[in-house]
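Biologist: Here's the model I wanted to go through with you. Could you tell me what each label rests on?

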Amino acid sequence: MSPTVHRLSGTDARRIAVRAQMLGRRRPSDLFEVVRHLAMLQVDPTAAVAPNADLVLWSRLGSGYDRAELQRALAEHSLIEVLALIRPAADIALYRADMVAWPERTGPAREWIRANDACRRDILRRLEADGPQLSRDLPDTCAVPWGSTGWTDNRNVTMMLECMTARGEVAVAGRSGRQRLWDLADRVYPDAPVVPAEDARRIRDERRLRALGIARARTTQSPVEAWDVGEAGEEAVVDGVKGTWRVDPAQLGQPFSGRAALLSPFDRLVHDRARARELFGFEYLLEMYKPAAKRRWGYFALPILHSDALVGKLDATADRKAGVFRVHAVHQDVPFSAATTSAVDREIAELARWLELDLVR
């Protein structure tokens, strides 16, 4: 436990969280600066407005962000996609020890891989001989099918590749359209010393806290990226919020100047819904899986940030066939002031311009 417990007002905590996520008035100017600081970008194919990674970068960099730059970085392997997350290549060393230990930590998947070891070895041979391949070009030689109650039924090769990625044997070498190209991990990942597991976890916690600014030491686990930060940083309490937090001491006492921003539903400022409620009083649920009649905010509503407050949701769709960015509604969680309305309207217009679509309200 930290020797000092910092007492923060709700405003202090919100501003720390916003500033740490690079959403203050001073925008970063470099894609790699953003990815290094945030530590990761989540890959999600939903493009009702724009793919998540692009939308997160646009929210920070503004309309100077060129989507082709991200694709070049992935093709050159300065950024690497691993288990649906884009990370700086240099950070892969922080995950290699866990990859080595992965087979011993898993139950059903481990047994399934053992039962289909011939398929695993066949994939490795083919990749070694032929180079990057799409999953559909690799034959399914599994003796035992992967079984689930969801979308992974009868997708043996895809599941084998995911497991082999977790084991550190294969990696995403690039994409052909929206399809992943797979290759041997040793041909994709940097040849860098593996960081011991305990050291790697500590460093990952520290980097996660640097990106979040303030977080719980322990909270609900996410299968995508951890939301908690262990013993990183220093202990803090937030007025009006139960329990203790961990805060990045580098963020304490820093000046704050906010702006308006439109966020992806997967943005790290809001991705931990419990944290968003506790710190911002912000209620949000991604409603794309709900029937249209039961949606409150829209299929892919974008959280709206203004200064240090999450103030509403934007229900909008990029209709690329019609060439328009269609705004269905701006849901105000609290009544917008004239200044808030003007700032949010400018961001909506800027998003349409970046998407190269005509704005229709």
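Modeller: Let's start with what covers the buried residues of α10: it includes α1 (10–20), α9 (197–212), β8 (214–215), β9 (234–238), β10 (244–247) and β13 (309–319). Covering goes by contact, meaning heavy atoms within 4.5 Å. Helices (H or I, at least four residues) and strands (E, at least two) are DSSP runs, numbered from the N terminus.

Biologist: Where do these numbers come from?

Modeller: It's a predicted model, so local features need pLDDT of at least 70 and side-chain atom pairs count only at pLDDT 80 or more, while totals for chains, interfaces and linings use all residues. Residues are numbered from 1 along each chain as its sequence is written, and side-chain values use heavy atoms, leaving out hydrogens and water.

Biologist: Which residues of α10 are buried, and why do they line one face of the helix?

Modeller: In α10 (residues 273–280), R275, A276, L279 and F280 are buried, that is, under 20% relative accessible area with a 1.4 Å probe, protein chains only (exposed is over 50%, partly exposed in between). Looking down the axis of α10, the buried residues fall within an arc of 100 degrees, so they line one face. That arc is taken from the directions from the helix axis to the C-beta atoms.

Biologist: What makes D272 a cap?

Modeller: A side-chain oxygen of D272 lies 3.3 Å from the backbone nitrogen of A274, at the N-terminal end of α10. A polar contact is a pair of N or O atoms within 3.5 Å; within protein, one must be able to donate a hydrogen and the other to accept it, and residues adjacent in sequence count only if both atoms are side-chain atoms. At 3.3 Å, the D272 pair is inside that cut-off. Just after α10, G281 takes a positive phi of about 65 degrees.

Biologist: Why is β13 called largely enclosed?

Modeller: Eight of its eleven residues are buried, so the rest of the structure largely encloses β13.

Biologist: How do you know that β13 pairs with β12 and β14?

Modeller: Two strands pair if DSSP finds at least two bridges between them. Five bridges join β12 (residues 302–306) to β13, and eight join β13 to β14 (residues 324–332), so both pass the rule. Both pairings are antiparallel. H306 stands opposite A309 in β13, and D315 has A329 in β14 as its bridge partner.

Biologist: Which residues does L269 touch?

Modeller: Not counting residues up to four places away in sequence, L269 touches A17, V18, Q21, L23, L263, R275, F280, L305 and L310. L269 is also one of the residues with the most contacts inside the largest nonpolar core, which has 68 residues; F325 and L351 are the others. Such a core is a set of buried Ala, Val, Leu, Ile, Met, Phe, Trp, Tyr and Cys residues joined through side-chain atoms within 4.5 Å. Apart from it lies another core, of 21 residues, including A109 and I123.

Biologist: Why does C163 count as buried?

Modeller: Its relative accessibility is 4%, so C163 counts as buried; C142, at 16%, does as well.
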